[in-house]
Amino acid sequence: MELKDIINPNNLVYEKPKLLTENTMHYCPGCSHGVTHRLLAEVIEDLNIQDKTIGVSPVGCAVFAYNYIDVDWVEAAHGRAPAIATAISRTNPDKVAFTYQGDGDLASIGAAEIMHACNRGENIVVIFVNNAIYGMTGGQMAPTTLLGQATATTPNGRNAELNGYPLRITELIAQLPGTSYVTRQSVQNPAAIRKCKKAITKAFQAALDKKGTSFVEVVSTCNMNWKMTPVKANEWMEANMFPFYKPGDLKDSTKDDPESYTPLKN
Amino acid sequence: MKGNEVIAEAAIRCGCDGYFGYPITPQSEVMETLMDREPWNETGMVVLQAESEIASINMIYGAAASGKKVFTSSSSPGISLMAEGISYLAGAELPCLIVNVQRGGPGLGTIQPSQADYFQSTKGGGHGDYRLIVLAPSSVQEMNDFVDLGFKLAFKYRNPAMILTDGVIGQMMEKVVLADYVPRLTDEEVDQKYGSWATTGRRPNRQRNIITSLELDSGRMEQNNIRFQAKYAKMEEEEVLYEEIQCEDAEYLLVAFGSSARICQKAVDQAREKGIKVGLLRPITLFPFPKKPIAALAKRVKGMLVVEMNAGQMVEDVQLAAEFAIPVKYFGRLGGIVPSPAEVVEALEQKLIRG
């Protein structure tokens, strides 16, 4: 059998999503962003919503997300993506805005914006990539850094007395009545990737159906700043992050009415 | 109507798509009026009380990115919080309107009127080399008129515009002629007019649009800056607005903007009763600044007194425009105190005529 017989459209089982651009990704080999981007591109293509999707990229490693997925993008100031997505969604109710944010962007400097966007129940999708460290600036402590975890600003490990505790912000988000679907996923193996894609699809569908805010945390690796090989980083994530950031759905009320509150009578 | 209420009414009538803001004295009537009017039932305009000024200005950034005509309002401390977002809006070349109803500072300061944000508004305020189009109304009628004008200039240049006013004009009640209703643009019209850059959704007939102020290649970033500067230079060439009052035979000139200009108008009358030939030049656009008319008057008058409710900010621009050819002095009150016309005449006599 010749090579040309093998490279044949009939034999194609897997291809690059049409919505991923030809730009070479700047992410480090082994980083979870690449797979997560691919899943986003697949979901937007599957739902056929390229013409109504507007992405909001963060400050952090994913600042250049707009180079890779072929939809309209707005690049946000650090932490403010949920406010930006709020206004896009409110002034363009027939479109769907999503934010793509890391743990420093979302859980530290942007903690106010994410809480209030979720509490208002904005019909947006939030993709929250949590790798427990600041990637772009060179591996400093993030709000999600685990106790004992060494980073550039916690060289001897995160110490609760000095640095406070790791923040499970997704658990806080799940408490807010404006959110409909809150889930924690990961992309370290094919089974996890398939589950994560299902979750992202469901999140976009809920936003399209105006069911409130959908929030997908993707527990991720940063092998470069963790100073590990990609394989070792995946093992470290499963062994250390999963016990604290437990994968699975935290809230799924896409089919239910939002929690009821009795308004005051004026 | 009150100045602040007029801002809200004018926005609804000029086809504005949205308001995002956070309460702060002395401008809260802007959002209160909008919430009471419920324009979403009438024109479809969105009104949202944000969790902070930081969120407000970023909401403006998001909606403006999608080609929508949106505005926010605040007062001095709130504008400081917005400064980062305003820099991003200028860097990403997004049109929007920002209303600053100034109060006295620094810090939490006072809720009384002030003009102490002149530097902040006209020289940048946030980081980087950028300029806002700054309009300074001196009446409630101009509060109304400058909403539409501000939006027009903002979209013409794809640049944020600011109405720089203060607690005097914001809280003052005057008669006003409101404009007729202009319908909001439909999504199709927004796409037709601004689809070349706005994030209206990537369709097969165009490339994806990206709104960003980021450019890591410093060669390209320099080119961006050169383009911005050319835009600001064009504003200085084409958009300068000012008013000259009794300048024809003037031997001395008062220069004042906004509410100070109202006081100076009275001071001109009082001085002329005393036999002092004085005129008033009122810059309406603070950026672009009316350099040429000031330079021309500097050749005719003996001296200029710049009157502002701050410690002397615009006086620097007047000195530069007059090229230090004649004495240019400053008079002002600080921290929320409004000067009286008599004080202005006294300062004119003391600093220029006798001095």
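Predicted model: local features only at pLDDT ≥ 70, side-chain atom pairs only at ≥ 80, totals over all residues.

Student: Which strand is joined to β6(A) by seven bridges?

Tutor: That strand is β5(A), which runs parallel to β6(A), and Arg184(A) stands opposite Glu217(A) in β6(A).

Student: Why is β6(A) called mostly covered?

Tutor: A residue is buried if 20 or more other C-beta atoms, placed from the backbone, lie within 10 Å of its own, exposed if 12 or fewer do, and partly exposed in between. In β6(A), seven of its seven residues are buried. Thr213(A), Phe215(A), Glu217(A) and Val219(A) point one way, Ser214(A), Val216(A) and Val218(A) point the other way, and all are buried.

Student: Why is Val177(B) called exposed?

Tutor: Val177(B) has 7 other C-beta atoms within 10 Å, and is therefore exposed. Its place is in the loop between α8 and α9 (187-194) of chain B.

Student: How do you know that helix α8 (residues 190-208) of chain A has close to its expected span?

Tutor: The expected span is 1.5 Å times one less than the number of residues. Helix α8(A) has 19 residues and reaches 27 Å from its first C-alpha to its last, close to the expected 27 Å. Its buried residues include Cys196(A), Ile200(A) and Phe204(A), and the buried residues of α8(A) pack against α2 (33-46), β3 (96-102), β4 (125-130), β5 (179-186) and β6 (213-219) of chain A. Just after α8(A), Lys210(A) takes a positive phi of about 60 degrees.

Student: What makes β8 and β13 of chain B edge strands?

Tutor: Five strands of chain B form an open sheet in the order β8-β10-β9-β12-β13, with mixed pairing. Strands β8 (242-245) and β13 (328-331) of chain B each have a single partner strand, so one side of each is left without a neighbour in the sheet. The twist averages 20 degrees from one strand to the next, where angles run from 0 to 180 degrees between N-to-C directions and axes are lines fitted to C-alpha atoms, for helices over the stretch in contact.

Student: How do you know that β9 and β12 of chain B pair in the parallel sense?

Tutor: Strand β9 (residues 252-255) and strand β12 (residues 303-307) of chain B share four bridges in the parallel sense, and Tyr252(B) stands opposite Gly303(B) in β12(B). Helix α14 (residues 341-353) of chain B lies across β9, β10, β12 and β13 of chain B, running at about 140 degrees to β12(B).

Student: What makes two residues count as a contact between the chains?

Tutor: Two residues are in contact if their C-beta atoms, placed from the backbone, lie within 7 Å. The contact takes 34 residues from chain B and 29 residues from chain A. On the side of chain B that touches chain A, α4(B) gives the largest share, nine residues. Strand β2 (residues 72-75) of chain A also pairs with β7(B) in the parallel sense over two bridges, and Val74(A) has Ile211(B) as its bridge partner in β7(B).

Student: Where do the domains of chain B lie in its sequence?

Tutor: Domain bounds come from an automatic or database domain assignment, which for chain B gives domain 1 (3-171) and domain 2 (243-353). Their C-alpha centres lie 27 Å apart, and 25 residues of domain 1 are in contact with 20 residues of domain 2.

Methods. Residues numbered from 1 in each chain as written. Chains lettered and ligands numbered in written order. Pairing = 2+ DSSP bridges.
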